[in-house]
Amino acid sequence: MHVMLAWFADDNPSESARRAARHRFETAVADVVPDSFVRHEFGADDWGVTVLHRSDRGAYRWPTVDTVGPVTAVSLGLPVGVDVTGGPAALAGRLLVGEEVHREVVPPFGLLALDAAGNFALQQDWIGMCRVFTGRSAGLTAFCTRPSLLAAFLHGDLRPDLDGWASYTLCGHFGGDSSPVRGARLLRPGERVTGRRRDGGGWQLTTTTKYATDDVVRDGLAAQGRPVTELLDRAADAITTTAASIHGLYDEDITLGLSGGKDSRLIAASLIAAGRTPRFLTNEDTRAEGEVARELVRILRDKRGLHPEHTLRLAGARANVLGTGLYERARRLQQLTDHQFPSSYLVRPAGPGRLVDQAGPATFTGAAGELATEYWYPPTDDDGEPSPQETALARLLNAVPTGVADAAVGTAERERIRGLLDHGSGLGLHDLRLVDYIYLVERVRRWYTSAYAIGMVTPFLSPGFVAATFALTPGQKRERLLHTGLIARLVPEWAQVPFVSVSTGPSTATRVWEGDGLQAMAELLDTAHGPLTGLVRRPAVEKALRTAARGGRPDQRTLQQFTWLALASEQLEPGTTRPATGAAYARITAPPQQRQPAGGAVARLRWVKRTRLGGRLWSAVAKRVRPRRPSQ
């Protein structure tokens, strides 16, 4: 990845103010960026841009920073799907004159264009996925790819955004434009910020919204009722254009994650049909995934004479994961992604903790194919379906089981989601496509990990493909019309191989409580007491830990989310961490108490009451031992 900081002052800030802000930024950035990264600096007394990116470009042809004449381009990602004639500086020049250069891009991609004449333009992609955050303080407006670095530069006061963390607790990601730290927000879908430097110093900034998510959805709704073949043509053109465009940006074979599911199969089919056979990588933590992927590769070999490289691995294998303790795995992942990754990745092997000065391969992912299926739809039954609004709320607010989050947190977050639902209804979405809209603007935008990796391409986020999914009826999505129709068209030999679903067999992936996980989480329960940990009910966490300690299988979501909140609390809420005592671990691992027979010896004598004489004796004794009421 890369780091970009850009700031523009309302006036001319003092030298001491600039020096203090720069010192805060440099101190913070040293924790995540290695010294070997390439550094670019632009600016004057009233503005500045700093870009740090890896020195190893590998097979990538698109530079992060490019200057031609008076124009400088800073590319935040790869412009997949866009006309890149002339290179980055030419694309920046088109942005500076007002062109919607992001209209066909496959997110994530952001572009900062600088003109030596005293102008700039910063463009967010149409879904708002590119991680560019903004904030203001003391007459400075700043933009940064990491919210914590933004806060460090502006004022140095890193406090958690509790509304954002409430979204994370219930949804598994930061909702809307929110961020982990107060005073920083993500640029909105299609947001463009332009600036003009005043003659006497200082900048006049203007914010507008260009082609964005709602425009893509409207394009799809306008195509409702068109012939199925026309929709298939539109979707096929979108993903094949994406597949072709990456080869102008990357000079090696593409790696594709091939599972037994429908999404990666369709992406693979589009590449094969275009004559671009990729390298395949399959995670076989679920055995059926590996079996189906092997069958698909065998068919290519036997029916088409193709021999693609195919690597199979256990992504969540215990030996790979448990070599590093849970606390350290979580700490590294939070530092690397600035708290923003899904907590489900805690059961993956430990990452580096800092940005790595080494180019990885370009990869394709089948993510977002869910928009073309019934992925979030309720099952059909004779009793009727819940409303689209109820379905969307239930699906999105599913990062922890019911009752684990504090009740007040759930109330506020439901109100936020209802606002999005009302907005989607205003676009004309009144059936289950409203569920797809929530999936797109929330889950796709904020949860997808492709936002954190250069070269991870999501072809299903081509705006043409997304629009085609909103032209389909919910019934057509239940039939998986786009997937089955396009696979049969592109690689018909694969059409009869069944898809693997989430219910196809158990997974062998690591559980979060395995290894030292149980003890690490118990210690966090003992020590972490900041407001962030108050977003979940501690008794629910302790109950889940006790279940794990006794050999049961608690809902992993509860423990993963608590771990993430507790680690973030240590970083963002200093002074709230208590000393470790081991008390929580002792309670959780204590053997269950033996249940005593109710009433002991007295209970064994209750048979006396059943006899006539025994009843009289029992009453007499009761009168003697019953305490008298105090006098009135």
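**Close-up views of a predicted model**

Helix α1 crosses helix α3 in a right-handed sense; a crossing is right-handed if the near helix is turned clockwise from the far one by less than a right angle, and left-handed if anticlockwise. This is a predicted model, in which local features need pLDDT of at least 70, side-chain atom pairs count only at pLDDT 80 or more, and totals for chains, interfaces and linings use all residues. Residues are numbered from 1 along each chain as its sequence is written, and side-chain values use heavy atoms, with hydrogens and water left out.

**View 1. Helix α1 packs against helix α3.** Two packed helices are described by the angle between their axes and the distance between the axes. For α1 (residues 15-29) and α3 (residues 147-154), the angle is about 150 degrees and the axes lie 7 Å apart. Axes are lines fitted to C-alpha atoms, for helices over the stretch in contact; angles run from 0 to 180 degrees between N-to-C directions. The two helices are therefore roughly antiparallel, a label for angles over 145 degrees. From α1 come Ala-21, Arg-22, Arg-24, Phe-25, Ala-28 and Val-29; they meet Leu-149, Ala-152, Phe-153 and Leu-154 of α3. Contact means heavy atoms within 4.5 Å. By class, eight of these residues are nonpolar, none polar and two charged. Nonpolar covers Ala, Val, Leu, Ile, Met, Phe, Trp, Tyr, Cys and Pro; charged covers Asp, Glu, Lys and Arg; the others, Gly among them, are polar.

**View 2. The largest nonpolar core holds 169 residues.** A nonpolar core is a set of buried Ala, Val, Leu, Ile, Met, Phe, Trp, Tyr and Cys residues joined through side-chain atoms within 4.5 Å. Buried means under 20% relative accessible area (1.4 Å probe, protein chains only). Phe-153, Trp-165, Ile-246, Phe-364, Leu-440 and Trp-494 touch the most other members. Beyond four places in sequence, Trp-494 contacts Arg-265, Ala-268, Ala-269, Ile-272, Leu-296, Ile-299, Leu-300 and Ile-487. A second, separate core has 19 residues, including Leu-114, Phe-120, Val-132 and Val-193.

**View 3. Ser-264 sits in helix α7 (residues 262-273).** Helices are DSSP runs (H or I, at least four residues) and strands are too (E, at least two), numbered from the N terminus. Ser-264 is buried, at 5% relative accessible area. Setting aside residues up to four places away in sequence, Ser-264 touches Leu-256, Gly-257, Leu-258, Ser-259 and Gly-366.

**View 4. Ser-425 belongs to helix α12 (residues 407-426).** Apart from neighbours within four places in sequence, Ser-425 contacts Gln-389, His-430 and Leu-434. The C-alpha atoms of Ser-425 and Val-292 are 40 Å apart. Along the chain, these two residues are separated by 133 residues.

View 5. Most residues other than glycine have a negative phi, and most peptide bonds are trans. Pro-108 lies in the loop between α2 (87-96) and β6 (109-115).

**View 6. Asp-338 and Ala-368 have positive phi values.** For Asp-338, phi is about 55 degrees, although this residue is not a glycine. Asp-338 lies in the loop between α10 (326-337) and β16 (363-364). Asp-338 is buried, with a relative accessible area of 5%. For Ala-368, phi is about 85 degrees; this residue is not a glycine either. Ala-368 is in the loop between β16 and α11 (388-396). Ala-368 is also buried, with a relative accessible area of 0%.

Terms used: Angles under 35 degrees count as roughly parallel, over 145 as roughly antiparallel, 65 to 115 as roughly perpendicular and the rest as oblique. Buried means under 20% relative accessible area, exposed over 50%, partly exposed in between (1.4 Å probe, protein chains only).
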